[in-house]
Amino acid sequence: MATKGKQEVEIKFAVRDKKALTRSLHAAGFRQKTRRTPETNILFDTPERAISSRGEVLRIRLYGKVWTLTHKSQGTAGPHKLRTETEMTISDGDALASIFGALGLQPSFRYEKFRSEWTDGKGDVVVDETPIGDYGEIEGPPGWIDRTAKRLGIAPSAYITASYAGLFYEWKQRTKNPAMEMTWKKIKKSAK
């Protein structure tokens, strides 16, 4: 079932100490919704990059055993990342990827992470372990995001609104790593 396009408002932040963040989440009244779960994401685009050039995202995600298809509109700049997100659960992501290929869409970026999710009933905080470092996301109403960030010791100057693709390309430039995907295997292989 597809969720009608909803407004996604979020920020990311670098996680320096996962244990300290977990303690802060408990102290702030959050409960864990999902334990550390593997996640694979594949972004699709035309050969000319028509989707990403409009600032949009078309993604197939496998989170644990659940496949989802997501479209994200172009985001709005500001202290928080704001965009319309339409998402639906699908039964077979590999089959959908084949359909996309037949329609001329191709994988444009692949990234992996381990994600755990937390909630206080008003919004969500996720902790992502990625091949380029650990990040958190706070998603909910803008005022709630700011209050939650403050309770977790995250200053507005530490807010990140870049996508994982953007963070990966910044990391590549900084480290001169030749990996073309943000996957554990590709980054480990390129580090040799």
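Lys176 counts as exposed, because its relative accessibility is 67%. Exposed means over 50% relative accessible area, buried under 20%, and partly exposed in between, with a 1.4 Å probe and protein chains only. Lys176 sits in the loop between α5 (164–175) and α6 (184–190). Its phi is positive, about 60°, although Lys176 is not a glycine.

This is a predicted model: local features need pLDDT of at least 70, side-chain atom pairs count only at pLDDT 80 or more, and totals for chains, interfaces and linings use all residues. Residues are numbered from 1 along each chain as its sequence is written, and side-chain values use heavy atoms, with hydrogens and water left out.

Arg49 also has a positive phi, about 65°, and is not a glycine. Arg49 lies in the loop between β2 and α2 (50–53). Arg49 is partly exposed, because its relative accessible area is 37%.

**The chain as a whole**

The protein chain holds 6 helices and 8 strands. Helices (H or I, at least four residues) and strands (E, at least two) are DSSP runs, numbered from the N terminus. Along the sequence the pattern runs β-α-β-α-β-β-β-α-β-β-β-α-α-α.

Buried residues make up 43% of the 192 residues. The accessible surface comes to about 10,600 Å², and 55% of it belongs to carbon and sulfur atoms. These areas come from the Shrake-Rupley method with a 1.4 Å probe; for residues, only the protein chains shown count as cover.

A contact means heavy atoms within 4.5 Å. Among contacts between residues at least 6 apart in sequence, 61% join residues at least 24 apart.

**Aromatic side chains**

The structure holds 10 aromatic pairs. Rings of Phe, Tyr and Trp (its six-membered ring) pair if their centres lie within 6.5 Å; planes under 30 degrees apart count as stacked, over 60 as edge-to-face and the rest as tilted. Phe30 lies in the loop between α1 (18–27) and β2 (31–45), Trp144 in helix α4 (residues 142–151), and they are 114 residues apart.

Phe44 and Phe100 form an edge-to-face pair, because their planes stand at 75°, with centres 5.1 Å apart. Phe44 is in strand β2 and Phe100 in helix α3 (residues 93–102), so this pair ties together parts 56 residues apart in sequence.

The rings of both pairs belong to buried residues:

| Residue | Relative accessible area |
|---|---|
| Phe30 | 4% |
| Trp144 | 5% |
| Phe44 | 3% |
| Phe100 | 8% |

Elsewhere, Phe109, Tyr111, Tyr135, Tyr164, Phe168, Tyr169 and Trp171 form one aromatic cluster.

Is Thr68 buried or exposed? Thr68 counts as buried, because its relative accessibility is 11%. Thr68 lies in strand β4 (residues 66–72). Leaving out residues up to four places away in sequence, Thr68 touches Arg59, Ile60, Arg61, Glu87, Met88, Thr89 and Ile90.
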